Amino acid sequence: MEQRAQLGVIGATIDSRRINAGKAPASNNSYIVINTDEPYTPQIVEILKRYGHWG
């Protein structure tokens, strides 16, 4: 199977599992990027930990 088709299958699987878990499909998500050398990074990490999204 070509790589593009494989990525499509992977994306569809992720979306399906998220929908089954009651979440929005990953394909609807948007993302933010935070550089680790910013002075507020430790605060962001603490927030992510609080919600179970870190480490």
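A: **The nonpolar patch and its setting**

L7, I10 and I14 make a nonpolar surface patch of about 290 Å². Patches take residues with over 30% relative accessible area and no salt bridge, joining like charges within 9 Å and nonpolar side chains (Val, Leu, Ile, Met, Phe, Trp, Tyr) within 5 Å; the areas come from the Shrake-Rupley method with a 1.4 Å probe, with only the protein chains shown counting as cover for residues. The model is predicted: local features need pLDDT of at least 70, side-chain atom pairs need 80 or more, and totals for chains, interfaces and linings use all residues. Residues are numbered from 1 along each chain as its sequence is written, and side-chain values use heavy atoms, without hydrogens and water.

I10 lies in helix 1, helices being DSSP runs of H or I with at least four residues, numbered from the N terminus.

Helix 1 covers residues 3-20, 18 residues in total, and spans 26 Å from first to last C-alpha, close to the expected 26 Å, which is 1.5 Å times one less than the number of residues. After helix 1 comes G22, with a positive phi near 80 degrees.

Elsewhere, the structure has one salt bridge, meaning a Lys or Arg side-chain nitrogen within 4 Å of an Asp or Glu carboxyl oxygen. K49 and E46 form this bridge, with their closest N and O atoms 3.7 Å apart. About one helical turn separates K49 and E46, because they are three residues apart in helix 2 (residues 41-50). K49 is partly exposed at 43% relative accessibility, and E46 is partly exposed with a relative accessible area of 43%.

Notes: Helix = DSSP H or I, 4+ residues; strand = E, 2+ residues; numbered from the N terminus. Buried < 20%, exposed > 50% of the residue type's maximum accessible area, 1.4 Å probe, protein only.
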